[in-house]
Every structure is written in C-alpha cells, then in structure tokens.
Amino acid sequence: MWEALEQTGWVKTFGSTGWMYASVSVVHYLTLFWCIGSMAVVDLRVMGVAARKRNLSELAAQMFPWAWTGLALAIISGFFMFATDAGDWAPDRVFHWKLALIALSIVFAVIVRLGVPKWASKAEIPAGAKVIAAVALLLWIVTILMASEIPAMEGLG
C-alpha cells in the first residue's frame with residue numbers, strides 16, 4: 001500500500017525534483033519551530049519562567065493561532081516528505097514512536113490551551129498547571145530530539 005503512494009505521479013515528481021523537496025523540507029522545519037516555539041512561550045508563561053508581566057489569557061490568545069497554523073502546515077509538509085519514502089517509513093517502529101509522541105504533545109498542548117482561561121483567573125497559577133505546562137514543553141523537546149535522530153538510528157531518509 002505505501003509503495004503505491006510512493007509510485008504516484010505527483011510523489012515521484014516531488015521526490016525527484018530537488019528544489020521542491022528542499023523547499024518543503026524548509027517549510028516543514030520552519031513551521032514546526034513556529035508551532036513549538038509559540039506553544040513554548042505559553043508553557044513558559046504558565047510555568048512562571050517567561051513573560052511574567054503579560055496576561056496569560058491574552059498571550060495564549062495571541063500565540064495559539066500561530067501554533068495551530070504552524071502545526072497544520074508542518075503536518076501537511078511532513079506528509080509530503082513521508083510520501084517519498086512511505087514504504088520505508090511506515091513500518092518503522094521508531095517512526096511510530098515519533099508519531100505517538102507528536103500526538104501526545106498535541107494532547108498536552110490542547111490541555112494547556114483549555115486550562116489557560118481557568119488558570120489565568122486565579123491569583124496564582126496552580127502548581128498542577130505548571131507541571132502540565134512543563135510536561136507539554138518536555139514532550140515537544142523529546143519529540144524534536146527523537147525526530148532528528150530517526151534517520152541516523154534507522155538508516156532512513
């Protein structure tokens with residue numbers, strides 16, 4: 001099934017045209033850091049480490065649209081990159097772990113986003129909220145590290 005995806009005309013063209021693949025790779029990494037960076041600012045604010053003078057709700061309202069836009073573009077560009085070697089990537093266990101970490105990171109980002117209005121209304125941000133934000137940030141860091149090492153570990157890409 002995955003090999004069939006690799007053999008479709010648009011994927012073959014995309015994968016064999018250097019500037020196309022390189023452009024999508026740049027978009028992928030740029031939008032990932034755009035997404036994660038935006039979320040990290042909010043996580044760090046919840047933890048009380050950064051932007052302490054900024055209103056948490058306002059900061060989250062400004063940052064999360066950028067984060068979700070970056071995430072959507074990263075997913076789309078990531079699929080394009082995946083499609084060129086889908087037969088190799090799809091069965092790879094480490095790649096599955098990467099996808100699971102991304103999903104878990106997104107779940108924690110949603111938890112933070114949904115918790116912000118409640119946390120911002122309190123005189124002090126609860127310790128539990130700070131732990132959630134720290135876990136969310138840590139998950140993104142682990143995801144980035146794992147994703148950057150997959151090609152080296154698995155001989156793929």
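The residues lining the second largest pocket divide into six nonpolar, two polar and four charged, where Ala, Val, Leu, Ile, Met, Phe, Trp, Tyr, Cys and Pro count as nonpolar, Asp, Glu, Lys and Arg as charged, and the others, Gly among them, as polar. The model is predicted, with local features requiring pLDDT of at least 70 and side-chain atom pairs pLDDT 80 or more, whereas totals for chains, interfaces and linings use all residues. Residues are numbered from 1 along each chain as its sequence is written, and side-chain values use heavy atoms, with hydrogens and water left out.

A pocket is here an open set of points on a 1 Å grid over the protein atoms alone, where a 1.4 Å probe fits, with protein on both sides within 12 Å along at least five of seven lines, and its lining residues have an atom within 4 Å of a point. Volumes refer to the space filled by probe spheres set on the points, which are joined across faces, edges and corners. The second largest pocket holds about 190 Å³, and its lining includes Arg45, Trp119 and Lys130. Helices α3 and α6 each supply at least two residues of this lining, helices being DSSP runs of H or I with at least four residues, numbered from the N terminus.

The largest pocket has a volume of about 770 Å³. Its lining comprises 28 residues, of which His28, Gly78, Phe95, Lys98 and Ala147 lie nearest the centre; two or more residues come from each of α3 (18-47), α4 (56-84), α6 (93-120) and α7 (127-154). Helix α4 gives the most, with eight residues, and by class the lining of the largest pocket has 20 nonpolar, six polar and two charged residues.
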